[in-house]
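Subject: Structure handover

Hello,

Here is the structure for you to look over. My notes on it follow below.

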Amino acid sequence: MARKLAAGNWKMNGMTADLVEVDALAEVVEAAQCEVLLCPPATLIAPMAARAGLMSLYVGGQTCHSAGSGAHTGDISAAMLADAGATHVILGHSERRADHGESSTDVALQVTAAIDAGLVAIVCVGETEAERDAGVTLQVVASQVAGSIPSGAAPEQIVVAYEPVWAIGTGRTPTLEQIAEVHDHIRSELATRRGGAADAIPLLYGGSVKPGNAAEIFAVSNVDGALVGGASLKAADFSGIIEALSAA
Ligand SMILES: O=C[C@H](O)COP(=O)(O)O
C-alpha cells in the first residue's frame with residue numbers, strides 16, 4: 001500500500017508575500033491523513049521551509065541539475081535544494097520536457113542526483129493530446145516510466161505523477177476510466193521490474209485537479225494522491241484537495 005500525498009506545484013508563481021498561504025494551511029495540514037508537500041520556485045524554498053517546519057508540511061523543488069556543482073549558470077543542484085530545506089523534487093515535468101528539451105535519459109540522471117542528495121524524486125510522465133488521439137498513451141507513459149526511473153531507486157525514494165499534458169492548466173480532465181487505465185498500467189509496469197515493492201510507490205494524478213473533482217479522482221484505482229498546479233496557489237483551494245485525499 002502506497003502512502004498518500006497531496007503535492008502542490010507553484011510553478012513560476014509566488015513572491016514572499018504569498019507565503020501567507022502556507023500559514024493559512026496549518027490547521028488542515030495538522031489534521032491531514034496524508035502527506036502534504038508544496039514545491040515553490042527556488043527563491044521561496046528556504047523561507048517556506050522555515051514556515052513549514054512549524055507544521056507537518058514538506059517543501060520541494062521543481063527541478064534539479066544532474067551534476068552536484070560546477071559551471072551550469074542558472075541551474076540548481078539537488079544538494080542545494082536539500083540545503084535550503086527541500087525534501088522532495090519534481091523531475092521531468094512536461095513543462096521542463098517541452099521548454100528545456102529534457103529527455104527521459106536526462107530525467108533519470110536528475111533522479112539519481114536527487115536520491116543521492118537524500119531527496120524524494122517525483123517523476124512526471126504523461127501523453128500529449130496528439131499521442132492520446134493516436135492511441136499510444138500507454139506506450140508513451142510506459143516508455144517514460146522505464147526511461148526516467150533508474151532501476152536502483154528504492155520505492156521510498158520515488159513518486160510517479162501521471163499528468164496528461166492536455167489536461168494541465170486547461171480545466172479538462174480525462175474520464176475516471178482513462179485515469180484508472182493509465183494508473184493501473186503504470187503500477188503494472190513498475191511491478192514487472194520491481195515485483196511487490198512497486199505497490200509502495202505513490203502514483204499521483206495531475207492535471208486540472210480542483211476541490212470539486214478531487215474526491216472522485218482519489219476514489220480511482222491506483223490513485224494515491226495528486227500533483228496540483230493552479231489550485232495549490234491558494235490555501236482555500238488546496239485545503240479542499242488535502243481534505244478530499246484525507247477522506248479517501
Ligand atoms: O504540476 C502540476 C500540474 O502540471 C497540474 O497543473 P494544473 O493543476 O494547474 O492543471
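One term before the notes: helices (H or I, at least four residues) and strands (E, at least two) are DSSP runs, numbered from the N terminus. By that count, glycine 169 sits in the loop between strand 6 (158-162) and helix 9 (176-194). Please keep in mind that this is a predicted model.

Overall fold

The protein has 11 helices and eight strands. Its C-alpha atoms fill a box of roughly 45 × 45 × 35 Å along the principal axes. The radius of gyration is 17 Å; a compact globule of 248 residues would have one near 18 Å, so the two agree. Of the 248 residues, 47% are buried. Among contacts with a separation of 6 or more, 73% join residues 24 or more positions apart.

Ligand shell

The ligand is surrounded by 14 residues. The closest are Asn9, Ile168, Gly206, Gly229 and Gly230. By class, the shell holds five nonpolar, eight polar and one charged residues.

Binding site

An unreviewed UniProt entry annotates Asn9, Trp10, Lys11, Gly169, Ser208, Gly229 and Gly230 as "binding site". They span 222 residues in sequence, yet no two of their C-alpha atoms are more than 14.0 Å apart, so they gather at one spot.

Three of these residues in detail:

- Glycine 169 is partly exposed, with 13 other C-beta atoms within 10 Å. Leaving aside residues up to four places away in sequence, glycine 169 touches Gly229 and Gly230.
- Glycine 229 lies in the loop between strand 8 (225-228) and helix 11 (235-247). Glycine 229 has 21 C-beta neighbours inside 10 Å; the cut-off for buried is 20 or more, so it counts as buried. Its contacts, again without residues up to four places away, are Asn9, Lys11, Ile168 and Gly169.
- Lysine 11 is in the loop between strand 1 (5-9) and helix 1 (20-23). Lysine 11 has 19 C-beta neighbours inside 10 Å, so it counts as partly exposed. Lysine 11 and alanine 42 are 31 residues apart in sequence; their C-alpha atoms are 9.7 Å apart in space.

Active site

Which residues does the UniProt annotation "active site" cover? The unreviewed entry gives His93 and Glu163. They are spread over 71 residues of sequence but cluster in space, with a largest C-alpha distance of 8.4 Å.

Histidine 93 lies in the loop between strand 4 and helix 5 (94-99). Histidine 93 is buried, with 28 other C-beta atoms within 10 Å.

Glutamate 163 is in the loop between strand 6 and helix 9, the loop that also holds glycine 169. Glutamate 163 is buried, with 25 other C-beta atoms within 10 Å. Not counting residues up to four places away in sequence, glutamate 163 touches Ser94, Cys124, Gly126, Ile168, Gly206, Gly207 and Leu227. Of these, Ile168 and Gly206 are also among the residues closest to the ligand.

Helix 6

Helix 6 (residues 104-116) has 13 residues. At 1.5 Å a residue it should span 18 Å, and its end C-alpha atoms are 18 Å apart, so the span agrees. Its buried residues are Val107, Ala108, Gln110, Val111, Ala113 and Ala114. What covers them includes helix 4 (78-84), strand 4 (88-91), strand 5 (120-125) and helix 8 (137-148). Glycine 118 follows the helix, with a positive phi near 90 degrees.

Best regards

Conventions
Residues numbered from 1 in each chain as written. Predicted model: local features only at pLDDT ≥ 70, side-chain atom pairs only at ≥ 80, totals over all residues. Rg over C-alpha atoms; globule rule 2.2 N^0.38 Å. Buried ≥ 20, exposed ≤ 12 C-beta atoms within 10 Å, placed from the backbone. Contact = placed C-beta atoms within 7 Å. Expected span 1.5 Å × (residues − 1). Near = placed C-beta within 6 Å. Nonpolar A, V, L, I, M, F, W, Y, C, P; charged D, E, K, R; others polar. UniProt positions renumbered as here; feature names shortened; annotations may be inferred.
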